[in-house]
Amino acid sequence: FKVNEKFGDLVSLIKTLYQLNLIELADYHPLVTPVAVAFNSHILKANPDNKETVKESPVSSPRHEGHEIAHNVLLLGDKTGAASVGLLYIASFLRRHGINSYCRWNDFNKTTASLKQDVLNLLATLHPTIVGVSMKWFPHIARVLEITRIVKNYDPSIIVVVGGNTASYYKEKIIQYESIDYVIAGDGEVPLLKICLGEEYIPNCVYKKEGEVVVNPVDYVQDE
């Protein structure tokens, strides 16, 4: 088949997402998989004529404020399918603000044992200091809670954040679990960034502080 310009753009996009650790490629090994040839055949070039205006973010980039960012963030989906694709937007938002983020938004594990091994492998490979888990739909509550327990048993110092539709609705109940430190209700880009920066006030968030549960209002909507 013929490699046309549109296909080259697709390859370029996949390559960029892969290099930024925002997607995984099934059965891909950089030393043996032929797809590497396709990646190397299309070189990304900067466009000096692109003068697209970027809207000002509600949180200033820490790169311009002298912050030293030490967090590695791992974002995990709770099921197969595209329901948790919003995690990619959050990972992209965090990266634009200097936070090293990795996203695995699809979960194909069929057993508790494989789920545990998969999460442990990610933790050992990526060494995250913050793990965010999507609790999108009600039927997956038990699975998300199991993921948070695996993370906390591996390293209790890892900050565990849960968000998504179901987490938002049951936020004051979900925060009661020992394996969960923060619950984000509603849009999560800025709240998660503020958690990474250690800021005092975090909108759209329920969290534990000195043995008490703090409930902040949902007053932030992501509109970038």
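## Helix 3 against helix 8

A crossing of two helices is called right-handed if the near helix is turned clockwise from the far one by less than a right angle, and left-handed if the turn is anticlockwise. In this predicted model, helix 3 and helix 8 make a right-handed crossing. Helix 3 covers residues 86-96 and helix 8 covers residues 189-197; their axes come within 10 Å and cross at roughly 45°. The two helices are therefore oblique to each other.

On the helix 3 side, the contact is made by Tyr-89, Ile-90, Phe-93 and Leu-94. Helix 8 contributes Glu-189, Val-190, Leu-192 and Leu-193. By class, the residues of this contact are seven nonpolar, no polar and one charged.

## Helix 4 against helix 5

Helix 4 and helix 5 also have axes that come within 10 Å, with a crossing angle of roughly 45°. That angle makes helix 4 oblique to helix 5. The crossing of this pair is right-handed.

From helix 4, the residues that meet helix 5 are Thr-112, Leu-115, Lys-116, Val-119, Leu-120, Leu-123 and Ala-124. Their counterparts in helix 5 are Arg-143, Glu-146, Ile-147, Ile-150, Val-151 and Tyr-154. The residues of this contact divide into nine nonpolar, one polar and three charged.

In soluble globular proteins, nonpolar side chains tend to be buried together. The largest nonpolar core in this model holds 25 residues, and Val-131, Met-135 and Val-151 have the most contacts inside it. At least two residues of this core come from each of strand 1 (72-76), helix 4 (112-126), strand 3 (130-134), helix 5 (141-154) and strand 4 (159-163). Helix 5 gives the most, with six residues.

Val-151 illustrates how these parts meet. Leaving out residues up to four places away in sequence, Val-151 touches Val-119, Leu-123, Val-131, Ile-158 and Val-160.

Which residues have a positive phi although they are not glycine? One is His-127, with a phi of about 50°. His-127 is in the loop between helix 4 and strand 3.

Asn-204 is another, with a phi of about 60°. Asn-204 lies in the loop between helix 8 and strand 6 (205-209). Its relative accessibility is 1%, and because the cut-off for buried is under 20%, Asn-204 counts as buried.

Is Asn-109 buried or exposed? At 16% relative accessibility, Asn-109 counts as buried. Asn-109 sits in the loop between strand 2 (100-104) and helix 4.

Setting aside neighbours within four places in sequence, Asn-109 is in contact with Arg-104, Ser-114, Leu-115, Asp-118 and Arg-143. Of these, Leu-115 in helix 4 and Arg-143 in helix 5 also take part in the contact between those two helices. Asn-109 and Asp-78 are 31 residues apart in sequence, and their C-alpha atoms are 9.7 Å apart in space.

Key. Residues are numbered from 1 along each chain as its sequence is written. This is a predicted model: local features need pLDDT of at least 70, side-chain atom pairs count only at pLDDT 80 or more; totals for chains, interfaces and linings use all residues. Side-chain values use heavy atoms; hydrogens and water are left out. A nonpolar core is a set of buried Ala, Val, Leu, Ile, Met, Phe, Trp, Tyr and Cys residues joined through side-chain atoms within 4.5 Å. Buried means under 20% relative accessible area, exposed over 50%, partly exposed in between (1.4 Å probe, protein chains only). Helices (H or I, at least four residues) and strands (E, at least two) are DSSP runs, numbered from the N terminus. Contact means heavy atoms within 4.5 Å. Axes are lines fitted to C-alpha atoms, for helices over the stretch in contact, and angles run from 0 to 180 degrees between N-to-C directions. Angles under 35 degrees count as roughly parallel, over 145 as roughly antiparallel, 65 to 115 as roughly perpendicular and the rest as oblique. Ala, Val, Leu, Ile, Met, Phe, Trp, Tyr, Cys and Pro count as nonpolar, Asp, Glu, Lys and Arg as charged, and the others, Gly among them, as polar.
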